[in-house]
Amino acid sequence: MASFAFSSCDDDDTEDGKTLPITEKSLIGTWELTYFEYKDEYESFAEEDNTVRVQFRADGTGQSWYKDGRWEEDEFTITDWYINNDVLYIHDDEGDIEKATIVELTTNKLVLESYSEDGKQYMKETYRKLD
């Protein structure tokens, strides 16, 4: 979308939206994966991907969906999520805990980076905000 109005920009405005503080309140909403990068000692790849959606709710719960022809609810439910020192922690009803560092958060974009426990696998996920 193009805008022909002249306006000043704060230093925290980007084409991906206004930079937000990394807080739970800023993350609330539904996000769709747009880009995925993976590296380990054997392979490395990066690809555009829009087959995952995740919703962070104000009550600390959430849900995720995957696209396999149509959007389907994931088998697990996010039972708890929170942010501590720019790290997003997600607990699910299967007892798993995922954590990723939030490297960018704007009104329209979320970028997460994570490593496996042994440090041999690296993942970077980029999301766009749907609501």
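Glutamate 104 and lysine 109 meet through their side chains in a salt bridge, at 3.7 Å from N to O. Both ends are partly exposed: glutamate 104 has 26% relative accessibility, and lysine 109 has 21%. This is a predicted model. The structure holds four salt bridges.

Glutamate 32 takes part in a network of salt bridges with Arg53 and Arg128.

| Salt bridge | Closest N and O atoms |
|---|---|
| Glutamate 32 and arginine 53 | 2.7 Å |
| Arginine 128 and glutamate 32 | 2.8 Å |

What does the pair of glutamate 32 and arginine 53 tie together? Glutamate 32 lies in strand β3 (residues 29-39) and arginine 53 in strand β5 (residues 52-56), so the pair joins parts 21 residues apart in sequence. Arginine 128 sits in strand β12 (residues 122-129), so its pairing with glutamate 32 in strand β3 ties together parts 96 residues apart in sequence.

Glutamate 32 is buried, at 4% relative accessible area.

Now the aromatic rings. The count comes to five aromatic pairs. Tyrosine 82 and tyrosine 89 are stacked, 5.0 Å centre to centre with 15° between the planes. Tyrosine 82 is partly exposed, with a relative accessible area of 30%. The rings of tyrosine 115 and tyrosine 122 have centres 5.1 Å apart and planes at 50°, so this pair is tilted. Is each of these two buried or exposed? Tyrosine 115 is exposed, at 56%, whereas tyrosine 122 is buried, at 13%. Phe36, Tyr38 and Phe45 form one aromatic cluster.

Definitions and conventions:
Residues are numbered from 1 along each chain as its sequence is written. This is a predicted model: local features need pLDDT of at least 70, side-chain atom pairs count only at pLDDT 80 or more; totals for chains, interfaces and linings use all residues. Side-chain values use heavy atoms; hydrogens and water are left out. Rings of Phe, Tyr and Trp (its six-membered ring) pair if their centres lie within 6.5 Å; planes under 30 degrees apart count as stacked, over 60 as edge-to-face and the rest as tilted. Buried means under 20% relative accessible area, exposed over 50%, partly exposed in between (1.4 Å probe, protein chains only). Helices (H or I, at least four residues) and strands (E, at least two) are DSSP runs, numbered from the N terminus.
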